[in-house]
Amino acid sequence: GSALAKARRELKMKLLREDKERKLKQRLNKVDDVKINAEEESIRDTEGDQDEEQGNGGSSIKWQQRHNPTKSKDSITFGKRTNLTMKEQRESLPVFAMRDQLIQTVYDNQFTVIVGETGSGKTTQLTQYLNESGLFYRSAKSEKHLMIGCTQPRRVAATSVAKRVAEEMGVQIGEQVGYSIRFEDRTSELTEIKYMTDGMLQREAIRDPLLSEYSVIMLDEAHERTIATDVLFGLLKQACRMRNTDEERLRVIVTSATLNAEKFSSYFDNCPVVTIPGRTFPVEVMFSEEPCMDYLVSCVETVMKIHTEEKTGDILVFLTGQEEIETMCAVLEEKMEMLEKEKKESTDKLIILPVYSALPSEMQSRIFEPTPPNCRKVILATNIAETSLTIDGIFYVIDPGFAKLNAYDAKLGMDTLQVRPISRAQANQRSGRAGRTGPGRCYRLYTEFSYQKEMSANTVPEIQRQNLSNTVLMLKAIGINDILKFEFMDPPSRESILLSLNDLYYLGAIDGNETITEVGKQLVNIPTEPQISKTLLEGVKFNCSEELLTIFAMITTPNIYHRPKAQQEQADKKHARFKSPLGDHLTLLNIYERWVESGFDRYWCEENYIQLRSMNQARDIRNQLRLLFTKFKYPLTSCHGNTDSIRKALCSGFFKNIAKRSPSSSSQGNGSSYETLSELTQVFIHPSSSLSRSSPQYVVYNTILNTTKEYLVHVTTIDPKWLIEIVPEFFEINGKRTIMRKEQEVIKPLFNRFNRDQEGWRLSRPFTGST
Ligand code: CDP
Ligand code: MG
């Protein structure tokens, strides 16, 4: 391994040397050029790329302009941006005019806040500028070159942006430009610019809190205020304090699309704020006069109205999720078919494109393709398109005013996805999408009154609305024990920290002194939520870690089942054959194992209405998790069909997610109601579950879906006796901790350890957090 690494390093050094020589030659040529043709030079002056300038002592920086020998005046074409060469496209971005200033500011400061409209070139250009400058390439301390890292809150943004930058630099993904998202690492020894999700960088910080592989880290889309970005604010602030000498200085850039820069700046020791002047056109905002009854219907109407009455220009519609998007795609297609039958010759073709995070990446890239003549694109997107993806050519935005977000639901005792009204800041961000290519229009499907009076000004940061177990555990693994003293920009509430401490305590991840345990350290090694990691590890004891890896790889993968509109019945019949009477976890295991038996056959998938792409993804995730097991020497064990072992292991991690059939509820028919053991909330088994008709007495569930009712998703039957055996510290029977004998006995969870001062339990220090 290390010999290979050494060879790679040497190759890289050689390439670098050659590159330097080439650049030097070009510079010499340039001097000649100036003498020969001064006129041409004046043209080039305004468009030069900057040259690499290394080893100039590090004091004042100068950059030289380099002309591009391949470019002639003929290559300039007017009209659509897409006809421009890659270089011309790069240079037409607003950020380009500020290239030198940006490099200088980042060089001179440990923290820089950069504010700029979506599409100004922050994400794709800044990293390249810094890399081209050569100022941040090497540390005096280590032999290895340092990377420029850039975090994104969303996986889709991380991968699509990395691909774009690789294309601009003319390299393959994984070479000079790479990305790293959960379960997929496309970086190598060569990587200089690395895009990743903020969650991945947070993970890296556990291993290396100083983030010593990076010279600059750009926390992109900071206005989104994801938990991971918020935690990175604090971690990077600490890392910068440690790495503040000339030899090893770390620099942090925080970028935001909205104007809340002062807050960021004051948090980062009053650092400079650079504003990239936007190049946006006015957007006419239209409010709905009356509240819309059904925004999907209103969306369809508005799209059709624009398409038939308004001049060319693409449409962007903001919806809340995949299901809504797919429904609307289908409805619009029908509408267009009807229009075509009516033979209205004047109507253009409507290209309908969905965008959501679970969409396969080759389909996502279609949204960036230019619209052909006599066509209009309509993009149906989740709030992914608010700031993280830039789509050119949008003239019309339709904004129903809702987004799906993950928030802690006290009634259910867990985070669930909920559809909520957006904030005014988000609404403005959305309407801004219409003014990138020319003057546009935004149709808001809500009244001006509800915009002014009902919407909040800003979105609440995730850290103040979600369960923090994962985050608290990570911080503890990094060695930050006193979570309330951690420098949060907006601290989470004391209650939510207590809640996570409770969860972690019962998972065995922390002990009574709030210190991380051996189990806790093991959990952190697996990049899934603590509950899943715990189950996977317990699977070792129950002789079924192999099976559990499969089950959770399948649960993590969206869209396993294929149900084409015209063949739903056939599909359902095929799917029914996989159903286990014991529940959905075992059904998923069944599907995967049958697929393995078929030799990972694509025709097997087709025949059984299973999505091959999803199965491949599940297989990837499984392999990644399995590699981690091998790396950390967690045994891989199999129960060979002993379903009790699997279900017991599920209880050992998901003991908070147990529901009992309500006594009043009949056991026949569908829709029996259940009650969660820990929060005593009424819930129902989702109709898609293999248990939806059988209504067993006790079930363990993976998650709750909050739609018309509270539905349990991925449900499996259990024997309640197991709970007392497996997690005696969490459950009691009739107030006594004895093994259950009678069916009627009541099992209930113990008091919250951290909320009640019982059994001599004391919090290790008084809490001083806000709220
Ligand atoms: O980060 P910011 O919103 O400031 O802009 P960006 O993501 O760097 O995008 C700059 C430009 O690159 C956009 O206007 C797009 O034209 C182009 N781009 C692209 O064509 N394909 C991508 N996947 C990303 C950006
Ligand atoms: Mg960006």
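User: What makes Thr717 count as partly exposed?

Analyst: First, a caution: this is a predicted model. Thr717 has 19 C-beta neighbours inside 10 Å. A residue is buried at 20 or more and exposed at 12 or fewer, so with 19 Thr717 counts as partly exposed.

User: Where does Thr717 lie, and what does it touch?

Analyst: Thr717 sits in strand β23. Leaving out residues up to four places away in sequence, Thr717 touches Leu582, Gly583, Leu691, Pro696, Tyr698 and Val699. As for Ile352, that residue is 365 residues from Thr717 in sequence, with 42 Å between their C-alpha atoms.

User: Why is helix α25 called largely enclosed?

Analyst: Because nine of its eleven residues are buried, α25 (residues 643–653) is largely enclosed by the rest of the structure. The buried ones are Ser645, Ile646, Arg647, Lys648, Ala649, Leu650, Cys651, Ser652 and Gly653.

User: What covers the buried residues of α25?

Analyst: The cover includes the helices α19 (530–541), α20 (545–556), α22 (584–597) and α26 (720–726), along with the strands β22 (698–706) and β23 (710–717).

User: Which residues have the most contacts inside the largest nonpolar core?

Analyst: Those are Val317, Ile379, Cys651 and Leu712, in a core of 169 residues. Helix α8 (residues 227–242) gives the most to this core, with nine residues. As for Leu712, not counting residues up to four places away in sequence, the residues it touches are Ala659, Tyr674, Val683, Phe684, Ile685, His686, Val699, Tyr701 and Ile704.

User: What makes β15 and β18 a pair?

Analyst: Strands pair when at least two bridges are found between them. Four bridges join β15 (residues 394–399) to β18 (residues 440–444), and the two run parallel, so they count as paired. As one bridge partner to look up, Ile398 has Tyr443 in β18.

User: What stands out about the phi of Asn270 and of Glu514?

Analyst: Asn270 has a phi near 55°, a positive value in a residue other than glycine. Glu514 is not a glycine either, and its phi is positive, about 65°. Most residues other than glycine have a negative phi. Asn270 is in the loop between α9 (261–267) and β10 (273–276), while Glu514 is in the loop between α17 (494–506) and α18 (518–524).

User: Last one: which residues come nearest to ligand 1?

Analyst: Of the 16 residues around ligand 1, Gly119, Lys122, Thr123, Thr124 and Arg164 come nearest. The elements that give two or more residues to this shell are α5 (122–133) and α6 (155–169), with α5 giving the most, four residues. By type, the shell divides into three nonpolar, ten polar and three charged residues.

Key: Residues are numbered from 1 along each chain as its sequence is written. Chains are lettered from A and ligands numbered from 1 in the order in which they are written. This is a predicted model: local features need pLDDT of at least 70, side-chain atom pairs count only at pLDDT 80 or more; totals for chains, interfaces and linings use all residues. A residue is near a molecule or strand if its C-beta atom, placed from the backbone, lies within 6 Å of it. Ala, Val, Leu, Ile, Met, Phe, Trp, Tyr, Cys and Pro count as nonpolar, Asp, Glu, Lys and Arg as charged, and the others, Gly among them, as polar. A nonpolar core is a set of buried Ala, Val, Leu, Ile, Met, Phe, Trp, Tyr and Cys residues joined through C-beta atoms within 7 Å. Two residues are in contact if their C-beta atoms, placed from the backbone, lie within 7 Å.
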